[in-house]
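Welcome, and please open your viewer.

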Amino acid sequence: MSRGALQPSQQKLAEKFTILNDRGIGMLTRIYNIKKACGDPKAKPSYLVDKNLESVVKFIVRKFPAIETRNNNQQLTQLQKEKSEILKNLSLYYFTFVDVMEFKDNVSELLNTIDACQVFFDVTVNFDLTKNYLDLVVTYTTLMMLLSRIEERKAIIGLYNYAHEMTHGASDREYPRLGQMIVDYENPLKKMMEEFVPHGKSLSDALISLQMVYPRRNLSADQWRNAQLLSLISAPSTMLNPAQSDTMPCEYLSLDCMEKWIVFGFVLCHAVLNTDPAALSLWKLALQSSTCLCLFRDEVFHIHKACEDLFVNIRGYNKRLNDIKECKEQALSQAGTMHRERRKFLRSALKELATVLSDQPGLLGPKALFVFMALSFARDEIIWLLRHADNIQKKSTDDFIDKHVAELIFYMEELRAHIRKYGPVMQRYYVQYLSGFDAVILNELVQNLSVCPEDESIIMSSFVNTMTSLTSLGIADHRELGKMMNTIIFHTKMVDSLVEMLVETSDISIFCFYSRAFEKMFQQCLELPSQSRHSISFPLLCTHFMSCTHELCPEERHHIGDRSLSLCNMFLDEMAKQARNLITDICTEQCTLSDQLLPKHCAKTISQAVNKKSKKLTGKKGEPEREKPGVESMRKNRLLVTNLDKLHTALSELCFSINYVPNMVVWEHTFTPREYLTSHLEIRFTKSIVGMTMYNQATQEIAKPSELLTSVRSYMTVLQSIENYVQIDITRVFNNVLLQQTQHLDSHGEPTITSLYTNWYLETLLRQVSNGHIAYFPAMKAFVNLPTENELTFNAEEYSDISEMRSLSELLGPYGMKFLSESLMWHISSQVAELKKLVVDNVEVLNQMRTSFDKPEQMAALFKKLSSVDSVLKRMTIIGVILSFRSLAQEALRDVLSFHIPFLVSSVEDFKDHIPRETDMKVAMNVYELSSAAGLPCEIDPALVVALSSQKSENISPEEEYKIACLLMVFVAVSMPTLASNVMSQYSPAIEGHCNNIHCLAKAVNQIAAALFTIHKGSIEDRLKEFLALASSSLLKIGQETDKMTTRNRESVYLLLDMIVQESPFLTMDLLESCFPYVLLRNAYHAVYKQSISSSA
């Protein structure tokens, strides 16, 4: 620095630059927010849209900055009412404008001081001072331009001042100067061109020092490629050499920043364009590179139009106007292509850099400069694209649509992650570099200075004192020292300011203000399978947003924070949805393939094979042979890509993105991408399981349990394979979803497969059994359709055989099967309630019959007095059918659990089989409940006991209840002979039962008796003995009947006694022999078997 009237060292220029630049950004933030608020009808100050104040506002704006309160009292009457509220609500706006004025005063004062001191500026020598100076000039310019764009500024300032005068009797003391400033800066650039005439020399010197730096940064992609820019592996021998430059900070200096310096700077000191070819060359190059510049955030400045408007009225500037037109043409025709090619180059360069550094992070030390250059270059290109895509000035938009921009952002994030992760490596490297190399070189340079205080020979021992003494030197005369100091500053930043360096070179928080473009880029990224692996870069970008806030405008932190959270949430949610949809498509394909392997599809293949063997030709000639499952896996060509291949590729790409980071912190909120996928998979898996049941309420159709199980297993296999792509616990998904499916409703209150199947078996299958369309065949352990006039829409056997019931048990699990049992028991309890009513209606007759079973004539007379005999038998048969279905379900559950948890089931079985006889009934019932949950048969059914004990009749004592239970058994016993007259009561040895399901009475009698007398603490054995005595004597009577119609199926009904005893754990064959001769049973069996042979013949 050359000596002037003032000593620069005493002006604290560095401190002033630092403070004013920071305050300038704060003022820009506040003015930007005022502009946005005034542009939004919802956020606009209410006084500017109030109809009552409309005329007042117009009057104030028209007279601004003059104040007239006396002659217009009528117009200002409304203002008088609102004055206190106006003062209160507009003070923040008003004093922001006052702060702008104060900032302007301080900047003007500092610029005058710099001129007086004749400060030397050269970006290649005293980088920080020059950069701060140019930044301040641009910040000041953009602030005044942004201020002039607030259309309501005069109304706000005028309203506030009028309110102030009405309240305090005088104008605000800042108003006269503030009003004048607003008027002066109506056309800010024109006013500032006049203002900067005295500062032209300093500004032009600083700008012209960019003549080596800016053109070197503004090269084409081909030139970068030829120079192998940013490549670590182009020269392997120098890979470990530190990346050096004489102008270290200039290498990663923002191109966007330099263009603003050049365009605004040379507009302010435009005279130099006519005198200095270097200045003109720089200016033209900047005008050719862009059509618009960023003023602040999403506020832009259209360069060529503004420059034309400024220069058109200046004499002798025709050449400059022609230059502007030429540059505009070039910018419109070539800039888009040039920047597109640069982005293309940077994608591959950053990919190479990130790959090498992930393998060899130690290179971050010597090659740190390359990393920050790469980040800065990429950041500049992304911001250029974002700005120009939003302000397109040409018809062709191809150059401004980049579907691969996500890839560039992704590699930027990867490099940022490397620096954050290996920061200590870099710091250790540069600490050693500073002490081992920089200190030595700096010491030599200081000792060789022509004017040097004595203490500078030991430079590192007292660095602060030494640098203070160096202020007496002219840095212009010692450029080597300046360049060395720039290098040292860069090295110290590598030790102390890595985070700040990341913000300086790679902050792209500007996306916060281009939400629509941001979302559009994200959608394009997801739609392109090759780019979806980079989609995580969009949520990661949301972590940048808070760096654009400023402490002078704290009120916007919440707004920007909320925007970052909502965008991050939306991006992660969309990524998870896309992955979920791909997984669903894969599952659908796999379910289709699994379906081809179902047994039902082999029938056609078998029939073809049989026909081939018997040499019978079936079908038309030339009928194509059906493709066998597995054909899709046979590939003749690697290039052949199936739909499943495409889906897997797209899924692996997207899952790479979801799995890229375990979590990310956005505005003190932690997001975990994998959890989004997990929650979406849970919801979709739940819906898919229920959907695959294909339940149709109208037609009562439902998928077979075995087919649903096959589909669910296929689905689960695909979901399990997701663990190969993403580190998620898919078992947790299975547990959450499948456990919910074992309940009546899921966590969202929606029906589950448990409720659907329970409802279907009760309302469709068992209802048709009651209607006589289906019978239970004990020999087949299944329900089978009976030949009827109206054919059923389903085949009962295909839903109730052993394999289907096991599949149902697999799907519903013990909890679901328990719910099924409880629902069955609820139906039984409603039937028992009706039976009790019938008993009450016949109580006197039944009491007499109970004591007269050994008097045949009396019994015959009493029997005729009984009412609703058929109803009792029908209801008991229905109970028997339900219990038979339950025993099938329980047996299937036992088989399934024995396969999955054999040791636990055997322990439960052992526990049940060894209950001591003297055990308290409550304890025994707990053991039975455990056994029943495992599918084991119990002497007393705990579910039935619970269902029946919940029936509490009013005004009936326990003794009465017990009596009704005893009489119910009597009623059933004495009604059994009537079954012989029913044509459907014939026993069929083939099915080991009767076609009208009366064989199910055996289960009904035993289990109802066991449950009722457990509840009423009666003796089950005694009551069953009584039942056997009554039943056998009643049946023996029909042996003496002569009416063939009455006795047509006598032998078939006799067999019921044998079935009841066989089924009962409480009755024995000896007991039956004492009541009913076994010879009769043997003859009955002989008769029914003989009859079945003759009927089949």
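On this tour, a residue is called buried when its relative accessible area is under 20%, and exposed when that value is over 50%. Keep in mind that the model is predicted.

**First stop: helix α45.** Select residues 1078-1096. This helix has 19 residues and reaches 27 Å from its first C-alpha to its last, close to the 27 Å expected at 1.5 Å a residue. Now color Leu-1081, Ala-1084, Val-1088 and Ser-1092, which are buried. Look down the axis of α45: its buried residues fall within an arc of 60°, so they line one face of the helix. What lies on the face turned away from that buried side? There you will find the exposed residues His-1086, Lys-1090, Ile-1093 and Ser-1094.

**Next stop: Asp-135.** Select helix α4, residues 127-148, and pick out Asp-135 within it. Is Asp-135 buried or exposed? Its relative accessibility is 17%, so Asp-135 counts as buried. Leaving out residues up to four places away in sequence, Asp-135 touches Asn-21, Cys-257 and Trp-261.

**Last stop: the cysteines.** The structure holds zero disulfides. Select Cys-553, buried at 0% relative accessibility. Then move to Cys-1000, buried with a relative accessible area of 2%. For Cys-1000, the closest cysteine sulfur is in Cys-995, 12 Å away, and that is too far for a bond.

Conventions. Residues are numbered from 1 along each chain as its sequence is written. This is a predicted model: local features need pLDDT of at least 70, side-chain atom pairs count only at pLDDT 80 or more; totals for chains, interfaces and linings use all residues. Side-chain values use heavy atoms; hydrogens and water are left out. Helices (H or I, at least four residues) and strands (E, at least two) are DSSP runs, numbered from the N terminus. Buried means under 20% relative accessible area, exposed over 50%, partly exposed in between (1.4 Å probe, protein chains only). Contact means heavy atoms within 4.5 Å. The expected span of a helix is 1.5 Å times one less than its number of residues. The arc is that of the directions from the helix axis to the C-beta atoms. A disulfide is a pair of cysteine sulfur atoms within 2.5 Å.
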